[in-house]
Amino acid sequence: MRRAVYFTMAAAVILGLATSAWAAETTLEKISRTGVFTVGTRTASPPFGYINKQNEWVGFSIDLAQLVHKNIEKKLGKTIKFELKESKPDTRIPLLTSMAVDMIAGTMTDTRPRRDSVEFSLTFFVTGAQFLVKEGSPIRGIQDLAGKRVGSQQGSTNERAIRERVPQAQLVVFPDQPAGFTALVQGRVDTYTNDGIQLWGLKYKAPNPNEWKIVGDFYTYEPYGMAMRKNDSDFRAVVNNALMEALENGEYFKIYEKWFGAKSETPYPLSDNAKNFLMMQVVPK
Amino acid sequence: MPIFSFLGMQYDFQWSVLWTGGHGEWLLQGIWTTLRLSALSWIIACALGILSGALRTVPFRPLRIAASAYVEFFRNVPLLVWLFVWYFGVPQALPRAAQDWLNTHGPEFWSAVAGLSVYHGARMSEVIRAGIQSIPKTLLEASVATGLSVAQAYRLIIIPIALRLIVPPITNESLNLLKNSSLAMTIGVAELTFMTRQIETYTAKAFEALTAGTLIYLVLCLTIALTMAQVEHRFRIPGLIVRVGRAEH
């Protein structure tokens with residue numbers, strides 16, 4: 001009996017030492033070993049990550065993630081498979097830390113508390129939170145929310161901002177965007193809040209876009225970044241280099257034009273301010 | 001913590017996130033909402049269950065068919081689907097005035113109560129029907145032979161035995177109801193599971209938050225289970241049931 005206990009303890013020690021060495025694998029090592037680069041993205045947030053009418057999983061963030069994928073292949077010198085996985089505001093960080101995905105490329109806002117858990121790339125899009133209401137609604141912005149029912153997504157920065165800044169509003173929190181939008185359509189909530197650009201996506205994808213309007217000044221600042229695991233500067237360099245290359249050689253602006261240009265489904269012209277900000281993130285070669 | 005780094009995990013435990021920053025109040029609010037939701041649904045489910053369970057055993061065929069239709073319709077669809085139907089579907093069929101009234105009086109909570117109670121009512125109905133039908137007809141015949149009327153036989157003999165028979169499966173269904181209340185978070189009810197996810201998204205401390213949720217559900221369910229075990233013991237009829245070997249207590 002005692003020998004069995006000692007043997008088990010010895011095995012546990014050896015296993016522990018072995019796994020502790022193995023668990024400290026970097027993202028690039030993992031991608032190289034498995035041959036797969038997994039990216040977590042949205043499935044219902046047009047135009048960043050969504051399923052289009054042809055049942056394809058496409059989006060602005062997905063196109064940018066593919067630029068990162070090309071850079072990873074260049075860096076590792078071999079072909080790597082590109083895989084997508086669904087991630088939502090409440091599951092993104094656990095998916096990253098549990099190594100189910102290598103990077104999150106969707107609509108994740110870069111914030112200081114989040115930087116305690118994950119690492120962010122350069123900002124690839126700038127927006128702010130607004131409100132989506134039915135045409136004819138009396139709500140004009142964050143000042144009109146007292147006593148109103150406000151729909152939002154669990155885990156989003158907007159939910160947190162409303163909870164902290166407008167406690168008189170009745171916050172109704174849904175697990176994802178489709179539930180929140182359906183609740184707005186049916187009148188269960190008076191308004192739905194999310195980042196402005198995502199609300200434009202919802203409006204243009206709705207059966208009758210003229211029924212909806214987006215109101216209110218940006219009540220939060222939402223810089224979108226790609227998220228990855230902490231303590232992984234090599235991988236972060238690869239991601240940032242891919243984005244910087246794309247900004248420098250114009251690839252980024254081609255992709256931007258595809259999703260937000262005048263002929264796209266969600267026109268959203270790039271302001272000079274935003275363009276300068278994006279370009280100034282590109283450090284010299 | 002040394003033991004966890006030994007196992008290769010890189011995680012910084014911070015159990016204080018469960019009570020600092022207002023998170024303790026969130027958990028308490030979540031527990032209260034879960035208990036309210038479960039209690040209301042349980043009462044309605046028991047009522048529906050007794051009614052349809054009894055109706056399935058009466059000699060009148062149309063009533064039996066009606067009760068069977070209710071049971072089969074509601075228990076054969078996943079509860080999550082029912083919650084969406086009750087929240088997004090059913091209110092659309094109501095007149096506009098009723099919908100507006102509902103929208104300002106917590107539609108999420110009441111849709112969850114409706115969904116849970118009707119679903120579990122169907123399941124409880126089966127349990128009650130099985131309890132009633134497991135009593136042999138000979139017992140009724142024997143009671144009537146001793147001079148009791150049929151109504152008296154039911155009231156003094158059949159029903160008391162039936163109630164004792166169904167205590168374990170009803171406990172099971174009640175525990176299921178409490179645990180299924182966690183599905184209400186998908187339609188926006190801020191109950192306990194929602195609150196543990198909330199703490200997790202605010203602090204990124206998934207392990208602590210989910211452990212808290214697990215332990216609280218465990219305590220709630222064990223309390224119910226142990227209480228029902230006491231009820232079973234107190235109301236037992238010695239000599240009525242088969243027990244292999246002598247009980248240790």
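Modeller: Let's start in chain B, where helix 3 and helix 6 pass each other in a left-handed crossing. Left-handed means that the near helix is turned anticlockwise from the far one by less than a right angle, and right-handed means clockwise. The helices are DSSP runs (H or I, at least four residues), as strands are (E, at least two), numbered from the N terminus. By the way, this is a predicted model: local features need pLDDT of at least 70 and side-chain atom pairs count only at pLDDT 80 or more, while totals for chains, interfaces and linings use all residues. Residues are numbered from 1 along each chain as its sequence is written, and chains are lettered from A and ligands numbered from 1 in the order in which they are written.

Colleague: At what angle do the axes of helix 3 and helix 6 of chain B cross?

Modeller: In general, a packed pair is described by the angle between the axes and the distance between them. Axes are lines fitted to C-alpha atoms, for helices over the stretch in contact, and angles run from 0 to 180 degrees between N-to-C directions. Here helix 3 (residues 61–75) and helix 6 (residues 107–133) of chain B cross at roughly 120 degrees, and their axes come within 8 Å. These two helices of chain B are therefore oblique to each other. On the cut-offs, under 35 degrees is roughly parallel, over 145 roughly antiparallel, 65 to 115 roughly perpendicular, and the rest oblique.

Colleague: Which residues of helix 3 and helix 6 of chain B meet?

Modeller: Contact means C-beta atoms, placed from the backbone, within 7 Å. From helix 3 of chain B come B:Ala67, B:Tyr70, B:Val71, B:Phe74 and B:Arg75, and they meet B:Val118, B:Tyr119, B:Ala122, B:Arg123, B:Ser125 and B:Glu126 of helix 6. That contact splits into seven nonpolar, one polar and three charged residues. The classes are nonpolar (Ala, Val, Leu, Ile, Met, Phe, Trp, Tyr, Cys and Pro), charged (Asp, Glu, Lys and Arg) and polar (the others, Gly among them).

Colleague: How do helix 2 and helix 9 of chain B cross?

Modeller: Helix 2 (residues 23–55) of chain B crosses helix 9 of chain B at roughly 160 degrees, with axes that come within 7 Å. That makes helix 2 of chain B roughly antiparallel to helix 9 of chain B, and the crossing is right-handed. The helix 2 side of chain B includes B:Trp26, B:Leu27 and B:Ile31, and the helix 9 side includes B:Phe194 and B:Met195. This contact has seven nonpolar residues, five polar and no charged.

Colleague: What about helix 9 and helix 10 of chain B: at what angle do they pack?

Modeller: About 165 degrees, with the axes of helix 9 (residues 192–203) and helix 10 (residues 206–234) of chain B 8 Å apart. Helix 9 and helix 10 of chain B are therefore roughly antiparallel, in a right-handed crossing. Among the residues that meet are B:Ile199 and B:Glu200 from helix 9, and B:Gly213 and B:Ile216 from helix 10.

Colleague: Where is the cis peptide bond?

Modeller: Most peptide bonds are trans, and most residues other than glycine have a negative phi. The cis bond joins A:Pro46 and A:Pro47, with omega about -10 degrees, and A:Pro47 lies in the loop between strand 2 (44–45) and strand 3 (49–51) of chain A. A:Met99 has a positive phi of about 65 degrees although it is not a glycine.

Notes:
Two residues are in contact if their C-beta atoms, placed from the backbone, lie within 7 Å.
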